[in-house]
Every structure is written in structure tokens, then in C-alpha cells.
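Please keep the sequence and the model in view while reading.

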Amino acid sequence: IGNKFAGSIVNRTPNTVYEIEVTVSDPDGCTSCTAQTVTTTTRIIPPATDVSAVRYVAPGSGGGSGTIGNPYLGLAAANAVAACGDEFLLQAGAYPAFTPTVNGCSWTNAITYRGINSDSVYLDGAGATGPVLTCNTRQYLVFERITFQNAHFLVSCDSSDGMVFRENIFRVINLPGDEYGLLIGTDSTNAYVADNQFYGNSGWPRTDPVSGVTVPAGFGLKWA
């Protein structure tokens, strides 16, 4: 079986050491189907961030001071001043595609982008291929209560570390090729994805809208 066999054990206590016995069988027979016992530690649930500053963001194209009365206008304006430990509260409205640039944070001083409500805060791809959020090579960013929508490829997090997605909504559109809601790809580590909703507008298996060919590609979360 080499490195092509994987499984999950769920409903265990986080950050706890367990002894696990694994038995693999094959009806055709195999030379390595013996029970193995290993000791491992379950994943930690990302702790609450020690917030150093709470800043407010509203849709716009620049300006603002980050206060509730004078929020940063747009995510690009917020990103320009972002530092580890910051929490950005996104006000209602649509925001264009976004690429965070700050690195070097940790679990306890991550940068958080939190919508006031996932039904009213949108990162919108305007019908393009996408992605609407690009976090390739980024570290310890938290995204909560945001709707990622109106693109064929919504979120890309290749080679990332410590990405957190909680209580978000992902709505993809059907264009040629594979549909991706959330791609946590090559060499990514320590991602935490929980309590999100994924919506597509095609069934499975889906039909490519240009070629008419039925393809087995799905939509949702891809963890490479």
C-alpha cells in the first residue's frame, strides 16, 4: 500500500495522546497485513487569538483609520496596516478578490478577518475564474463568517501553514474545468476547517459546460 493509504479517527479529545492499533486486510492477500500499534497526538483546536487591536473594515477603495466611525475602506487598505494579532471586523457589503501579504504570525497572534454576519459579508469574484482569496505561502490567518462567492475557484491556500476557516459559506459558479471551493494544497500544514457550508450549482458527477463531457470532479474542499 506504500504511502497511498490514509484514514481518520474522529470524535477524540483534541491535543491528547492516544495509542492506536491499525489492522489492514486485503481479500487478495498481502505480505504486510499485520496489526501495527502507534502512539500519536490528536490535533489541537486553534486557541483564541490574543487580540492586540480590533479594527473595522467596510467596502471601499482606500482610506479610513480603522475605527468603527471611520473604518478602513476595503481589504487592501486593511492589509496595508495589518500586523500579527490584529482582528479586522468586516462590515456588510461586497469586497473584491483579496490577497493577504503579512506572514510570521502564530496560533496565539494570528490575523483574523471576521464578518459581522456570513449572510451579509461577501468576497465576490464578479463571475471570474478566481480565486477570490489567495493565501498561498501565508501563515496563521483566520477567516470567519464570510461568504466566498461568484467565482469558479474560490480560495487557494497552497504551501500555507495554520490557516483557519470557520463558519463561512462557499458558493461556486460552473465554468470549464474543476470547481474548487477551498484548496489547501501542496505542502500545506496545520489547517483547521470547521462549521462551513459549501454550495455548488452542478450535481455530481458534473458536466463541463463547454465540452459537454461528464467529469467526476466534485466541488468543495481539496486537501492535497
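## A glutamate and its partners

The side chains of E144 and R166 are joined by a polar contact of 2.9 Å. A polar contact here is a pair of N or O atoms within 3.5 Å; within protein, one atom must be able to donate a hydrogen and the other to accept it, and residues adjacent in sequence count only if both atoms are side-chain atoms. The E144 side chain also makes a polar contact with the side chain of R114, at 2.7 Å.

E144 belongs to strand β10, residues 141-144. Its relative accessible area is 9%, so E144 is buried; buried means under 20% relative accessible area, exposed over 50%, and partly exposed in between, using a 1.4 Å probe and protein chains only. Apart from neighbours within four places in sequence, E144 is in contact with Y113, R114, G115, R166 and N168, where contact means heavy atoms within 4.5 Å.

## Basis of the model

The model is predicted: local features need pLDDT of at least 70, side-chain atom pairs count only at pLDDT 80 or more, and totals for chains, interfaces and linings use all residues. Residues are numbered from 1 along each chain as its sequence is written, and side-chain values use heavy atoms, with hydrogens and water left out.

## Overall make-up

The chain holds 1 helix and 20 strands. Helices (H or I, at least four residues) and strands (E, at least two) are DSSP runs, numbered from the N terminus. Of the 224 residues in the chain, 38% count as buried. Among contacts in the chain with a separation of 6 or more, 59% are between residues 24 or more positions apart.

## Parallel strands

An open sheet is formed by 5 strands in the order β6-β8-β11-β14-β17, with parallel pairing. Two strands pair if DSSP finds at least two bridges between them. At the edges stand β6 (93-95) and β17 (197-199); each has a single partner strand, so one side of each is left without a neighbour in the sheet. On average, neighbouring strands of this sheet are turned by 20 degrees against each other, direction ignored; the axes are lines fitted to C-alpha atoms, for helices over the stretch in contact, and angles run from 0 to 180 degrees between N-to-C directions. Within the sheet, strand β8 (residues 121-128) runs parallel to strand β11 (residues 147-151) and is joined to it by 4 bridges. A128 stands opposite A151 in β11.

Another parallel pairing links strand β12 (residues 153-156) to β15 over 3 bridges, with F153 opposite Y180 in β15. Strand β15 (residues 180-184) is mostly covered, and 5 of its 5 residues are buried.

## Nonpolar core

Which residues of the largest nonpolar core touch the most other members? They are Y113, F143, F148 and F165, out of 39 residues in that core. A nonpolar core is a set of buried Ala, Val, Leu, Ile, Met, Phe, Trp, Tyr and Cys residues joined through side-chain atoms within 4.5 Å. Leaving out neighbours within four places in sequence, F148 is in contact with residues including L123, V132, L133, F143, L154, V155 and F165. N168 and R171 are also among the contacts of F148.

## Cysteines

The whole structure contains 1 disulfide, defined as a pair of cysteine sulfur atoms within 2.5 Å. The disulfide is formed by C84 and C105, with sulfur atoms 2.1 Å apart. The link is left-handed, at -85 degrees about the S-S bond. C84 lies in the loop between α1 (75-81) and β5 (86-90), and C105 in the loop between β6 and β7 (111-115), so the pair ties together parts that are 21 residues apart in sequence. C84 is partly exposed at 24% relative accessible area, whereas C105 is buried at 6%.

C157 is in no disulfide. C135 is buried at 0% relative accessibility, and C157 is buried with a relative accessible area of 0%.

## Positive phi angles

N11 is not a glycine, yet its phi is positive, near 60 degrees. N11 sits in the segment before β1 (17-22) and is exposed, with a relative accessible area of 68%. D187, also not a glycine, has a positive phi of about 65 degrees. D187 is placed in the loop between β15 and β16 (192-194) and is exposed at 62% relative accessible area.
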